[in-house]
Every structure is written in C-alpha cells, then in structure tokens.
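Reader: I am new to this structure. Please show it to me, and then I will ask about the terms.

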Amino acid sequence: MNAGFIGSGVLFYFGMLLFVPLLENTGAAAVLLIFGMLHAAGIAFVGLVNGSPENEKLGLLAIHGLRAISAIVAGNLAAITSRFTLAELRPPAWYRGADPILGLCSALLLVLHAGLPDGTWERGSVYTFMVWELLTGLTLTFLFSSHTSQLSRH
C-alpha cells in the first residue's frame with residue numbers, strides 16, 4: 001500500500017508535468033499545477049511516512065497527518081480546478097459529471113469525526129480524487145487519440 005502511494009505520487013507528478021503544458025497559459029492551469037504538485041508530494045509522503053504503530057512511537061504521525069491532509073485537500077482541489085482547465089478540450093458529458101466536491105465534504109466530516117467511523121470519511125475523501133484521476137486519464141487518452149486520428153486523416 002505504501003509503495004502504491006509513493007508510485008501514485010510520482011506518476012501523478014510526471015502526469016502533471018506532461019499535461020499542464022498542453023493547456024492554455026491561464027491562471028486556472030497554474031492553480032491546477034500548484035494543487036497537483038501539493039497532492040503528488042503529499043500522497044508520496046503518506047507512503048514514505050505511514051500511519052504505523054512504529055511511526056507513532058517515533059512521533060512521526062504528525063508528518064503523516066499533515067501530508068495526508070495535503071494529499072486529500074490538494075487532490076480534490078486539483079480535481080475541481082481541472083473542470084476549468086479541461087473545459088477548453090471539451091471533455092464528454094460523463095466526465096463533467098464526476099464530482100470531487102464530495103471528497104472535500106468527506107474530508108470535513110473526517111475532521112469533525114461525524115457519524116460514521118473515520119475510515120469511512122477518509123476513504124470517501126480519497127476515492128473521489130482517485131476516481132477523478134482515472135476518469136481524467138481515460139478522458140485525455142480518448143481526447144488526444146481522437147484528435148491525433150483526425151489529424152492523420154488530413
């Protein structure tokens with residue numbers, strides 16, 4: 001799991017470096033890049049400094065917690081910001097239906113320890129941007145492959 005978090009952060013970082021230059025030079029693209037980098041660093045550090053009992057004894061859970069907050073909040077804010085940056089690419093309607101606001105609501109309920117066990121809210125806040133990452137990857141693959149095939153026909 002920790003290797004998965006580290007790999008996710010590294011791959012997300014490189015994905016952002018490849019994707020953002022394709023966008024128009026707008027404020028939204030710059031904000032997306034900032035949120036993306038905060039998310040990538042946060043999720044990678046969650047894997048490097050996990051929430052294990054050993055790290056609790058070493059007093060490292062504060063680092064884990066701060067990086068988890070960075071990964072969750074910045075990941076969901078990157079997903080929200082991407083709506084503005086991807087609008088110029090005209091993504092399909094099913095992509096625009098993905099709602100990362102639910103992730104931020106779950107994060108708030110996690111902080112408040114509301115109702116359900118914390119693990120439920122933690123997963124709700126993480127799975128939203130993971131689904132967004134998957135949908136964004138599929139959407140960009142579809143958009144760029146159809147754009148490339150249209151160019152090759154001319």
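Reader: Why does tyrosine 13 count as partly exposed?

Author: This is a predicted model, where local features need pLDDT of at least 70, side-chain atom pairs count only at pLDDT 80 or more, and totals for chains, interfaces and linings use all residues. Residues are numbered from 1 along each chain as its sequence is written, and side-chain values use heavy atoms, without hydrogens and water. Buried means under 20% relative accessible area, exposed over 50%, and partly exposed in between (1.4 Å probe, protein chains only). Tyrosine 13 has 36% relative accessibility, so it counts as partly exposed.

Reader: What makes phenylalanine 12 buried?

Author: Its relative accessibility is 12%, so phenylalanine 12 counts as buried. Tryptophan 132 has 7%, so it is buried as well.

Reader: Why is the pair of phenylalanine 12 and tryptophan 132 called tilted?

Author: Rings of Phe, Tyr and Trp (its six-membered ring) pair if their centres lie within 6.5 Å; planes under 30 degrees apart are stacked, over 60 edge-to-face, the rest tilted. Here the centres are 6.0 Å apart and the planes make 55°, so the pair is tilted. The pair links helix α1 to helix α7 (residues 118-153), 120 residues apart in the chain.

Reader: What makes the pair of tyrosine 13 and phenylalanine 14 edge-to-face?

Author: The angle is 75° and the centres are 5.3 Å apart, so this pair is edge-to-face.

Reader: How do you know that the charged end of arginine 67 sits over the ring of phenylalanine 45?

Author: The rule asks for NZ of Lys or CZ of Arg within 6 Å of the ring centre and within 35 degrees of the ring normal. The charged end of arginine 67 lies 4.8 Å from the ring centre of phenylalanine 45 and sits over that ring.

Methods
Helix = DSSP H or I, 4+ residues; strand = E, 2+ residues; numbered from the N terminus.
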